[in-house]
Each structure stands twice: as C-alpha cells, then as structure tokens.
Amino acid sequence: MSEEQRPPGEEAAAQSAQPAPRPHRGPPIETADETLSERGEATAKRLAAALGADAVAAGGRGETPWARVEVGALARVLRRCRDDDALRMDMLHYVERIELDYVLASVAHNRKAIIKVDLPADAPSAPTATRLWQAAAWYEREAHDLFGVAFEGNDDLAPLLLFEGFEGRPGLKSFPLHEYEEY
Amino acid sequence: MSAEPQTDTVDMMLNMGPQHPATHGVFRMVLSIDGERIMGVRPHIGYLHRGSEKLSEHESYGQVITLFDRLDYVSNLNNELVFVRAAEELMGVEAPERAQYIRTILCELNRVASHLLFIGTYALDVGAMTPVMYTFRERERVQNLFEHVTGARMMHNYFRIGGLKEDVPGDFAERVLSVVRRLRAGVEETDRLLTFNEVYLARTRGVGVINAEDAISCGLTGPCLRGSGVAYDVRKAYPYEVYERLEFDVPVGEFGDCWDRYWVRLRECYESLRMVEQALEQTPEGPVMAPGRRIARPPKGEVYAHAENPRGDIGVFLVSDGTDKPYRVKVRPPSFCNLVGLERMMEGAYVADAVAILGSLDIVLGEVDR
C-alpha cells in the first residue's frame with residue numbers, strides 16, 4: 001500500500017533498465033527423501049502426541065491421517081492443531097458434511113491431517129473455527145447453507161450459495177434431486 | 001471549520017454486479033465506500049449454483065467426470081484429473097505410465113491456456129486493450145491441439161479412472177512441440193508488451209496487498225498465495241502423477257500485490273512449457289488404460305485428493321459406500337477459497353482499484369458456485 005516505499009514510476013524505470021528476471025525461491029520442502037506415506041505416518045504420530053486422549057479413533061491412508069474427536073473437545077483440539085509446534089496447521093482446507101471433517105494443512109511443515117467429529121443429524125451444531133482461520137467463515141456458511149449445521153460463535157451464517165429465503169437443506173440426502181420444483 | 005454546521009457522514013453502498021463485465025461472470029459485491037476509499041466489501045455468490053456436488057451423488061463414477069469439466073471451465077483437464085485421481089486412489093488403481101505422462105502434458109498446457117486467458121482479460125480490466133488479442137491468439141493454439149487430441153475444445157471428458165479415453169493421435173509429439181515453441185514466443189511477446197509497462201505497473205503495483213500470514217489464514221492457494229511469497233505448490237509439496245520426475249521452479253512474488261499475482265502466473269507459463277518439453281521426452285510407449293473392470297465400483301471408504309489447478313489447490317473429498325455411485329463428493333474449489341481473501345485485499349483500497357483487485361484473483365464462477 002505505502003507508495004512512499006515503492007514509487008511506481010521509479011521502480012518501473014529501474015526494472016525496465018534491468019530486465020533480468022527476479023530470482024526464484026524454491027518451496028520449503030522439509031522432507032525431500034521421505035515418501036508420502038512415510039510422511040503420513042510421521043504426521044499421524046505427531047497428531048496422536050498432540051491430541052492425546054481427545055482422539056477417540058484414528059486412521060488414514062497415504063499422506064493424510066485422520067483423528068475423530070468429540071464435539072465438546074473440538075474447539076480445543078483445533079486450537080492445539082494450529083498452535084502446536086510440531087503440527088502448526090496454519091491452513092484450513094475444508095469443513096465437511098454432518099460428520100464434519102476439518103482438513104488441515106501446514107504450509108510450514110508441509111503436512112496434512114483430518115479432524116473428524118460426528119454431529120447429531122437432527123440438530124447439528126459445532127463451535128466455530130473462524131477465530132483460528134479466517135477461511136472458516138465461508139466454509140461454515142456453506143455447511144450451514146447446504147446441511148443446516150449451526151456454528152456457535154459465528155454470527156454471520158447468511159446464505160452463501162443459495163438465495164435468501166430458500167427453504168430446505170439441499171445437501172442432505174433427504175432433499176430430493178428431481179422432484180423439487182423451484183417455482 | 002468550527003463555524004461549519006455539524007453534519008453526519010455515512011458510508012455509501014455501491015453495488016457491483018451480478019451482471020457486470022469486469023466480474024468475469026455472475027459475481028456480485030456490495031462495496032461500502034467513504035469517498036474514494038473502500039471501507040468494506042460483501043461478496044455475494046451462488047448465482048451459478050447448479051448443485052454439482054449433489055448431482056454427483058446421482059451419477060456413476062464415469063459420469064461425474066463430465067460434471068468436473070464444468071466446474072472450472074477454462075481448465076477442464078486439471079479438474080478431470082483431480083477427480084480421476086481421487087477415484088483411482090480409492091480403488092487402488094494406478095494409471096499406466098504413458099497415461100500419466102500424457103495427462104501431465106495436457107494439464108500443463110491447460111494451465112498455460114488458462115493463464116493466458118487471465119493475462120489477456122486482466123490487462124483489459126486495468127485498461128490495456130491490446131494484450132488480449134495476443135493471448136487469445138496463443139490460447140487458440142492450445143485449444144486447437146486439445147480439439148485434435150480429445151475431440152472437444154472445452155468439456156473434453158478425456159481422462160478416465162485408470163487412464164485415458166484413448167491414446168493420443170500419432171502426430172501428438174510433433175504438434176505439442178510446435179505448439180510449445182510458438183507459445184513460448186507468444187508468452188515472451190506478451191511479457192515484453194505488458195509486464196514492465198509503466199501504466200500497467202501504476203495500476204497494479206502496491207494494489208490489493210495481502211501479506212503471507214493473512215493469505216494462509218484465508219486459505220489462499222495457487223498464484224494468489226505464491227504472490228505473497230509463500231512457495232506452496234501441490235506439485236512440489238505432495239507430488240502426484242509424474243511431477244517428481246520433472247524439473248521446475250516455483251515462482252513466488254514479494255509483496256502480495258496484484259502485480260505479483262500476475263507475475264507468478266506469467267512465470268508459471270514458462271515453467272509449464274519447460275515441464276511439457278521434459279515430459280514429452282520421457283513419455284514411454286505402452287497402454288493408456290489400466291487393465292481391469294470398465295465400471296468403477298470402489299470399495300467402501302473415503303479419500304481426500306488434491307492437485308494444483310491453475311487457480312490453486314483443488315481438493316476432492318470422495319466418500320464411497322461400495323456402490324457404483326459416489327456417496328458424497330465434496331470439492332474444495334480454489335476460486336471459492338481465494339475469494340475469502342478479497343475483503344482483506346480491498347480494505348482501504350480505492351474504488352477505481354476494485355476491478356483490478358478482483359481481476360487479479362482470477363476467479364471462475366463455475367467453480368465458485370458449483
């Protein structure tokens with residue numbers, strides 16, 4: 001933003017006088033000689049160490065292990081995943097269906113993991129993750145839109161993909177595909 | 001000033017879209033503005049929502065590929081690839097090496113075509129009317145090649161779970177090499193025309209800045225994330241297909257502004273062409289379809305596969321209940337996730353730059369709304 005730091009005119013002159021491309025920096029691959037499944041196993045160990053007794057089940061294939069937790073523990077588990085030094089999951093990939101799946105990714109450590117939590121089908125509700133990752137805002141709006149999941153603490157759950165006033169939760173299996181009439 | 005009567009000021013609301021040529025589709029945003037400054041932005045999406053994910057639950061695995069073609073409709077092959085790879089991983093099938101190489105070549109060419117479309121239309125967005133002529137001419141070469149290979153210019157439906165629909169025509173290698181040679185010259189031409197153009201720099205440098213921390217927290221991926229200096233690329237971080245055997249660099253920006261996002265895409269064009277040449281050299285002979293059943297019926301289970309789309313990290317969460325139709329298909333569309341960063345980029349920007357910032361994200365509404 002600050003135009004004092006980089007006056008566009010001057011920079012343009014400097015760059016056109018010296019058109020050499022800027023140096024490329026490679027990505028910070030922490031584990032070059034590991035195979036992806038080895039990396040997955042290592043991630044699973046770190047995940048188990050960080051979650052402790054909160055993980056009620058765990059598994060996974062390839063590079064992405066998962067751990068299932070209770071709804072009550074979800075908020076602290078997610079926070080631990082983000083702040084734990086060995087995990088440092090700084091990117092939220094997606095929030096998923098009534099079994100919510102938080103696909104987490106760490107840019108710094110180059111790892112992925114999934115946190116699973118089961119929600120009751122009649123009144124699905126979970127704590128919000130928007131305070132941990134800004135990206136969660138839209139994922140939660142979408143999950144609320146299509147599946148009716150309520151996210152406690154997220155006060156902006158306005159329709160995202162559907163229009164205002166749409167009735168029903170089209171993502172659910174109970175919502176008909178063909179029999180539905182829009183108008 | 002003290003003699004002036006006390007007046008209240010309120011932010012003005014300015015509606016942009018959904019029918020607006022600069023939103024590249026049916027995207028609407030409501031800007032709240034104070035004079036010339038944007039104080040806040042509220043994006044509204046969903047105008048193109050077709051329920052692709054819901055539809056996928058009612059189609060067989062082979063048919064879902066056609067729905068993925070229609071998500072990001074300027075990089076169809078990249079989308080097909082991610083679904084096909086998810087299904088392959090679930091079924092424990094691996095495509096033959098030749099098919100993997102051909103898929104990589106086509107995907108990288110698709111990436112160049114997609115970036116060329118971006119460069120041309122983005123130049124239009126910020127007021128440069130000429131580059132689009134050049135980039136569309138070059139993109140046409142790729143489209144013609146795709147038509148020759150797959151039979152369609154868009155919506156190819158060419159990749160299959162376990163390989164390809166059919167082998168490429170006999171003159172594939174020659175044609176790809178000639179297209180690569182011409183594309184490289186074409187990209188260089190556009191590069192010289194646009195990159196360090198002073199007017200272009202004035203419109204894009206220092207505009208729509210997002211720092212690396214915010215970019216990661218907002219879930220930005222692809223050129224939008226790399227523009228902020230984070231060298232995260234799925235092709236390097238979680239190599240798939242034959243990317244491990246190809247030599248390429250991951251270009252990154254410095255400041256995370258519109259120009260950096262443009263620059264990353266431009267450099268990626270060169271890198272993709274490099275990759276295509278290497279892959280073509282290594283492509284072995286052999287079958288292009290894994291042996292086995294023609295109808296995909298993966299065992300019970302679930303998988304999260306992701307790949308590097310021209311717009312970023314596209315992910316597919318695929319759940320199978322053991323039948324020939326997916327139980328649940330969930331897409332992580334990179335454009336959708338990149339849009340989350342829009343509010344950060346627009347805060348405090350000028351109204352005149354709104355179009356420049358939105359354009360630099362290179363969204364495709366087919367993918368945002370699904």
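A polar contact is a pair of N or O atoms within 3.5 Å, of which, within protein, one must be able to donate a hydrogen and the other to accept it. In this predicted model, six residue pairs meet that rule across the interface of chain B and chain A, both residues of each pair being at pLDDT 80 or more. By class, the side of chain B that touches chain A comprises 36 nonpolar, 24 charged and 10 polar residues.

The extent of this interface can be described in two ways. Counted by residues, 70 of chain B are in contact with 56 of chain A. The size of an interface is often given as the accessible area lost when the parts come together. For chain B and chain A, the buried area is about 5,500 Å², and carbon and sulfur atoms give 56% of it.

Charged pairs also occur between the chains: the rule finds two salt bridges across the interface of chain B and chain A. B:K330 forms a salt bridge with A:E142, in which the closest N and O atoms lie 2.7 Å apart.

The cysteines present another picture. A disulfide is a covalent bond between the sulfur atoms of two cysteines. Over all chains, the count of disulfides comes to zero.

How values were computed. Residues are numbered from 1 along each chain as its sequence is written. Chains are lettered from A and ligands numbered from 1 in the order in which they are written. This is a predicted model: local features need pLDDT of at least 70, side-chain atom pairs count only at pLDDT 80 or more; totals for chains, interfaces and linings use all residues. Side-chain values use heavy atoms; hydrogens and water are left out. Contact means heavy atoms within 4.5 Å. Buried area is the accessible area (1.4 Å probe) that two parts lose on being put together, summed over both. A salt bridge is a side-chain nitrogen of Lys or Arg within 4 Å of a carboxyl oxygen of Asp or Glu. A polar contact is a pair of N or O atoms within 3.5 Å; within protein, one must be able to donate a hydrogen and the other to accept it, and residues adjacent in sequence count only if both atoms are side-chain atoms. Ala, Val, Leu, Ile, Met, Phe, Trp, Tyr, Cys and Pro count as nonpolar, Asp, Glu, Lys and Arg as charged, and the others, Gly among them, as polar. A disulfide is a pair of cysteine sulfur atoms within 2.5 Å.
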